[in-house]
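My entries follow the structure shown here.

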Amino acid sequence: MKEELVKIEELIRSFDDIDKSDIKGLMQRFFTKLSNRLENYVGDYPTFIEPVYLEDNVKIGDDVLLGPNVYIGANSLIQDYVEISNTIIFDNVKIGQNFKLENCIVAKDSSFNFKNLNIKSSVLIGAANSKDELQSIKF
Amino acid sequence: MSDKEDKTIIRIKEIESINLARDDIRDEVIETKKAVERDNDLLANKVHQSFIDNNIKSFDIVGAIGAGKTALLEKITEKLSSQYRILVICGDITTRVDADRIEKHNAETIQINTGRECALNAYHIHKIIKNKDLKNYDVVFIENVGNLICPSDFILGTDKRLIVVSTTEGEWVVEKHPMLFKMSDIAVINKFDLKERLGTDVDKMISDAKKINPKIEVITTSAKTGENIEKLMNLMGL
């Protein structure tokens with residue numbers, strides 16, 4: 001599982017030149033190996049559809065639905081009314097309120113400081129204070 | 001979305017009953033509730049069609065905590081897993097206790113932890129089957145969150161719904177929860193082995209179920225002794 005994660009992180013590092021076919025295959029392989037880890041989050045009983053793997057100190061808001069196939073890196077913040085499936089979120093990420101992410105990858109240290117986003121099959125990266133500022137690439 | 005709209009939506013989400021809605025948003029709450037029910041039904045139909053297209057027999061099992069839903073599923077999967085490829089979706093507020101119990105009988109399991117929600121809905125099931133190759137399964141069991149109230153709000157798109165009650169819940173449990181009996185195809189009265197010791201009036205439970213839903217099949221079982229499990233499987237067409 002960690003092996004694919006490292007490869008995916010490596011792939012999205014070259015943001016403007018991502019090999020899209022590689023991403024799909026790697027994500028699929030990663031999700032078939034994904035196990036459950038729900039012990040160390042901070043928050044009040046979100047909805048989980050397994051498999052969901054949470055690294056340490058993930059903060060989760062109210063009315064959140066995670067899964068199936070969700071990996072969230074350490075110290076990330078998932079705010080209220082968020083829904084995430086088939087998605088990899090790396091460490092130290094901030095997801096805004098009422099975001100809906102399906103089949104996405106969110107790069108390390110990304111921070112989205114706005115509400116209401118519905119996005120599929122995309123790599124998201126960087127800091128954004130509005131939808132217009134969002135850096136994303138479809139795959 | 002404006003801040004005002006945003007606040008209204010959050011307020012609607014927080015209101016569990018229309019009676020609690022302020023006059024100025026009452027219409028909106030009613031329309032939202034109707035839309036949610038409509039969307040659930042549409043999605044449930046889609047789920048059911050996917051099961052039919054893949055020749056899968058599907059069952060939604062509802063009942064109170066401790067009625068014996070998991071114990072019955074353990075017995076059934078134990079008997080069926082050599083001839084059928086089985087997927088069991090388990091709904092619980094939290095933990096993986098039920099899925100772990102059933103998995104021991106060679107069935108694949110997926111746990112849904114609903115957190116604060118008191119029933120599974122068609123969206124949960126749709127999310128799961130979207131990610132599964134349904135050609136790999138012959139039977140899908142969905143064990144709903146343990147209670148006799150909320151699951152009546154949401155159909156899941158299965159062929160049949162089973163409601164499980166037990167002699168330990170007392171003979172009034174059926175007449176106190178008519179809605180789920182109306183919406184179920186088979187009523188299972190479990191822990192029949194304890195009937196004498198508890199003095200529960202099982203005949204009343206059976207006649208109440210029939211009164212509420214004349215079409216419902218009623219069967220008494222004991223997951224502990226195995227009594228009538230084969231008969232239940234026949235009723236389910238397994």
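I began with A:Asp19, which is partly exposed at a relative accessible area of 36% (buried means under 20% relative accessible area, exposed over 50%, partly exposed in between, with a 1.4 Å probe and protein chains only). I found A:Asp19 in the loop between helix H1 (2–13) and helix H2 (20–33) of chain A, where helices are DSSP runs of H or I with at least four residues and strands are runs of E with at least two, numbered from the N terminus.

I noted that the model is predicted, that local features need pLDDT of at least 70 and side-chain atom pairs pLDDT 80 or more, while totals for chains, interfaces and linings use all residues. Residues are numbered from 1 along each chain as its sequence is written, chains are lettered from A and ligands numbered from 1 in the order written, and side-chain values use heavy atoms, without hydrogens and water.

Next I asked which residues of H5(B) are buried. They are B:Ala122, B:His124, B:Ile125, B:His126, B:Lys127, B:Ile128 and B:Ile129; with seven of its nine residues (122–130) buried, the helix is therefore largely enclosed by the rest of the structure.

I then looked up B:Lys127 itself, which has a relative accessible area of 5%, and saw that its side chain joins that of A:Ser85 in a polar contact of 2.9 Å (a pair of N or O atoms within 3.5 Å; within protein, one must be able to donate a hydrogen and the other to accept it, and residues adjacent in sequence count only if both atoms are side-chain atoms).
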